[in-house]
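Welcome! Let us take a short walk through this structure together, one region at a time.

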Amino acid sequence: MKVSAVRSDRVYAKIMSAPLEKRNDIYRYELMMPFERKWACYHIPMKAKAPGGYDVIMASERLGHIAPTKVDETQKHAISLLSDDTLWDECERSIQRSLSCFTEQGIELPVQDYLFTILLADCKDPYIILNEGYCGDGGIPGYIFSWLLPDEHTLSHLPAALAHEANHNVRFQFEKWKFDITLGEMMVSEGLAENFATFLYGEEKAGPWVTKTDLKTLHDYIKPIIHEGLRVQGMENLNAYLYGDEMAALQNYPRVGLPYCAGYACGYHFIKHYLQKTGKNVVEATLLPAQEILDAGEDFWNE
């Protein structure tokens, strides 16, 4: 298997010194073009056919990546923090280590080439703020993104975050993504990914999407709402269950009365319960159908 990095720090440095009118195209063609096939899976073109049309620049901004036009001298320190060769080596090792967990158990991965990058986040993005400065995306096999506000906290959690995304990358090689995915299926996928990350890097590296939820709130308040909604479908309807009402409201999606990342926290503890009950390890569980896991862990809801 081959794991390769697209060195965003070098592209950002080039953008920073470029004229304003050139910055979007440098970002588009030097940083995003290697991920063109990933964006194509979401039907997002590199460049809009008409001025003001939806393309990779607009999509990146909506995800919470910093806009290329904002990459100026104010980002110099952030870019310098991303310019550490040791950081990129550590990131590559995290992904390689994650994938090796599967191949060492005799699991042949259909995808053999993996491309990743670390992007700068927009410090004003609400989800970045709620997520303590870092996010990731590994849903399209072969491609992994993480974006962050570089500092000691986010950089120290980056390897675990990449392991989380690498787990998604593997799972969706065997479980085909569908747009009518249910809450139960999403909860299982997120729970597996975060349990995999803590399996490799320890509970202290769990993300805020887990650690911000205390167990009393989980059992007394969150679980009944999540359980009732397990068959809800479509990402617009799942948003509040997964990310909480605050994020749903910002995107004009329906609210269901849940706090920040309730679905992620519930998924994490559900999978932890499932693994303890069945004696399976998170590596083998990653390849199992969601419904099989949901059925085996049904008693979680009565705890």
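Is C135 buried or exposed?

## Cysteines

C135 has a relative accessibility of 4%, so it counts as buried; buried means under 20% relative accessible area, exposed over 50%, and partly exposed in between, using a 1.4 Å probe and protein chains only. This is a predicted model, where local features need pLDDT of at least 70 and side-chain atom pairs count only at pLDDT 80 or more, while totals for chains, interfaces and linings use all residues. Residues are numbered from 1 along each chain as its sequence is written, and side-chain values use heavy atoms, leaving out hydrogens and water.

Searching the whole structure turns up 0 disulfides, a disulfide being a pair of cysteine sulfur atoms within 2.5 Å. C123 is in no disulfide, and its nearest cysteine sulfur, that of C135, is 14 Å away. C135 is in no disulfide either, and the nearest cysteine sulfur to it belongs to C261, 8.6 Å away.

## The nonpolar core

The largest nonpolar core holds 98 residues. Such a core is a set of buried Ala, Val, Leu, Ile, Met, Phe, Trp, Tyr and Cys residues joined through side-chain atoms within 4.5 Å. Y12, M32, W39, I118, I226 and F270 have the most contacts inside this core.

Setting aside neighbours within four places in sequence, I118 is in contact with residues including Y12, L82, W88 and L148. Contact here means heavy atoms within 4.5 Å.

Helix 2 (residues 20–32) and helix 4 (residues 56–63) pack at an angle of about 85 degrees, with their axes 10 Å apart. Axes are lines fitted to C-alpha atoms, for helices over the stretch in contact, and angles run from 0 to 180 degrees between N-to-C directions. Helices (H or I, at least four residues) and strands (E, at least two) are DSSP runs, numbered from the N terminus.

The two helices, helix 2 and helix 4, are therefore roughly perpendicular to each other, a label for angles of 65 to 115 degrees. N24, Y27, R28 and M32 from helix 2 meet V56, I57 and S60 from helix 4. M58 also has its place in helix 4, and counts as partly exposed at 28% relative accessibility.

## Two loop residues

E132 sits in the loop between helix 7 (126–130) and strand 3 (134–137). Its phi is near 55 degrees, a positive value in a residue other than glycine. E132 is partly exposed, with a relative accessible area of 34%.

N252 lies in the loop between helix 13 (245–250) and helix 14 (262–278). N252 is not a glycine, yet has a positive phi of about 60 degrees. With 70% relative accessibility, N252 counts as exposed.

Conventions
Angles under 35 degrees count as roughly parallel, over 145 as roughly antiparallel, 65 to 115 as roughly perpendicular and the rest as oblique.
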